[in-house]
Amino acid sequence: YDPTAADPATTTAEEPPILPADRHTGCPFDPPAELTALSDKPLRRLRYADGHLGWLATGHAAARAILADPRFSSRYELMHPPLPIPGMPQELPPAMVGDIIGLDAPEHTRYRRLLTGRFTVRRMRRLTERVERLTTECLDAMEQAGPTADLVQAFAQPVPALMICELLGVPYADRERFQSQVATLFDQTADAQAKGEAHTALLRYFDELVLAKRAEPTDDLLSDLTTSDLTDEELAGIGGLLLAAGLDTTANMLGLGTFALLSNPDQLEALRADPGLAEQTVEELLRYLSVADPIPRAALEDVEVEGQLVRAGETVTVSVQAANRDPHRFPDPDRLVIHRKATGHLAFGHGAHQCLGQQLARVEMTVAFPALFARFPTLRLAVPPQEVPLRERSNIYGVVSLPVTWDEE
Ligand code: HEM
């Protein structure tokens, strides 16, 4: 491509395109056709739903460059208004104190330093046995209640939820107090008031929990963090964010990933034949499905990207799903190929904000997928694939439910 060439969408229609609001318009695993049509140029002008002009990055190199560049800010207030994510309400609640994902250096660096050491590969691998036990428990319950199940309720949600609760020191039995709040925070159709209320409720829950951990520390991350210089308010904010990030992300990868593997029986067969391919399968599923998308940024100063000048104050939407399907980076990108080397995908973001929980998510998925398919060798969809309900307007894509069945022994 020639990045300096005239943008056909701008010149012919004389109007930059609007980012498609719906995640899927055909195959449940592929980016919508409108987005693919915009991917011929790595970076292009974009008209946001609220009318303002910004940029859309679909090329892998452009996306990576933007995410690695501290001149692109993550601060919500710079994108509000205007807001870069289509379908988002016009008014966002203020960023939470301790909201690591929406801050820039140096505030971001301070939180990040405190947390990275607690999420290392080594520490997360040590959790493997615990993940295996929780996975087995969920599979036992699913098998007993079977031979049909909603895989989301029975498996995809509880495994990561139990794990993040245990890690943080959040009682899983309290989930009525946080599960729907977290869902509202990720729901693009929820209005500002609903999001604000969900935020407040989540923070109130964590305020109580932080007090309890300070009074009586237990063996978990939240108690451990009470020994740092974080204030109670910061601890509650960080706790809420970690819980939200841990509840709804891996769960969607497990649900949608199972759907994708069942829809690609040759790939599933290859994984079954060689469970040693689990780690590589997980990377490929992360690339292929890109459930956390898009990532918004705002330029703090004029920055040149791919020969184009993004001006200070302009918003940029980094399309993870488009970047992960960039044919310049991943040959034959629309095929799920578990043997490929999918490393370098941007499903966990890139740069200073790259996903803190990625090693935990990897451990969970590397254990859960093979265990599921080993337990149910005849696992299949219980409805036609087009009837599987999808999460259209959520910052985290996935299946709402996944009805499955299997032959009993
Ligand atoms: C950041 C994706 C699992 C905690 C991110 C970002 C992405 C992402 C794309 C970067 C956002 C940005 O640059 O603005 C995912 C996916 C997951 C997953 C696809 C599952 C497969 C988790 C889990 C946790 C977690 C299990 C729980 C601990 C975080 C945190 C950040 C983050 C705290 C913010 C890091 C920072 O701003 O420095 N994640 N995530 N994630 N993720 Fe995850």
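Reply: Two strands count as paired if DSSP finds at least two bridges between them. Strands (E, at least two residues) and helices (H or I, at least four) are DSSP runs, numbered from the N terminus. This is a predicted model, in which local features need pLDDT of at least 70 and side-chain atom pairs count only at pLDDT 80 or more, while totals for chains, interfaces and linings use all residues. Residues are numbered from 1 along each chain as its sequence is written.

Me: What does the chain average in pLDDT?
Reply: The average is 88, and 91% of the residues score at least 70. pLDDT is the predictor's confidence in each residue, from 0 to 100. The model also scores ipTM 0.99 and pTM 0.92.

Me: Where does pLDDT stay under 50?
Reply: Residues 1-13 stay under 50, and the model has 18 contacts for them beyond four places in sequence. In residues 82-90 the pLDDT is below 50 as well, with 32 contacts beyond near neighbours in sequence. A contact means that the C-beta atoms of two residues, placed from the backbone, lie within 7 Å.

Me: On to the sheet. In what order do the strands come?
Reply: The order is β1-β2-β8-β5-β3, in an open sheet of five strands with mixed pairing. β1 (43-47) and β3 (72-73) are at the edges with a single partner strand each, so one side of each has no neighbour in the sheet.

Me: How many bridges join β5 to β8?
Reply: Four bridges join β5 (residues 295-299) to β8 (residues 315-318), and the two run antiparallel. Ile295 has Val318 as its bridge partner in β8. Helix α3 (residues 60-68) packs on this sheet, where it touches β1, β2 (53-57), β3, β5 and β8, and its direction makes about 125° with that of β8. For such angles, axes are lines fitted to C-alpha atoms, for helices over the stretch in contact, and values run from 0 to 180 degrees between N-to-C directions.

Me: And how many bridges join β3 to β5?
Reply: Two bridges join β3 to β5, again in an antiparallel arrangement. Ser73 is paired in this way with Ala298 of β5.

Me: Which way do the residues of β5 point?
Reply: Ile295, Arg297 and Ala299 point one way, Pro296 and Ala298 point the other way, and all are buried. Buried means that 20 or more other C-beta atoms, placed from the backbone, lie within 10 Å of the residue's own; exposed means 12 or fewer, and partly exposed is in between. In a regular strand, side chains alternate between the two faces of the sheet.

Me: What about Asp293, is it buried or exposed?
Reply: Asp293 counts as buried because it has 23 C-beta neighbours inside 10 Å. Asp293 lies in the loop between α15 (278-289) and β5. Apart from neighbours within four places in sequence, Asp293 is in contact with Ser319, Val320, Gln321 and Tyr397. Ser290 is in that loop between α15 and β5 too. Although Ser290 is not a glycine, its phi is positive, about 40°. Ser290 is buried, since 24 other C-beta atoms lie within 10 Å.

Me: Where does Glu306 lie?
Reply: Glu306 is in the loop between β6 (303-305) and β7 (308-310). Glu306 has a positive phi of about 50° without being a glycine. With 18 C-beta neighbours inside 10 Å, Glu306 is classed as partly exposed.

Me: Changing topic to helices: how far apart are the end C-alpha atoms of α10?
Reply: They are 35 Å apart, which agrees with the 34 Å that the 24 residues of α10 (residues 192-215) should span at 1.5 Å a residue. The expected span is 1.5 Å times one less than the number of residues. Among the buried residues of α10 are Leu202, Phe206 and Leu209. Their cover includes α9 (179-186), α11 (221-225) and α12 (232-248).

Me: Which residues touch the most other members of the largest nonpolar core?
Reply: Ala57, Ile66, Phe155, Leu243, Ala260 and Leu289 do, in a core of 105 residues. A nonpolar core is a set of buried Ala, Val, Leu, Ile, Met, Phe, Trp, Tyr and Cys residues joined through C-beta atoms within 7 Å. Not counting residues up to four places away in sequence, Ala260 touches Phe29, Leu285, Tyr288, Leu289 and Leu336.
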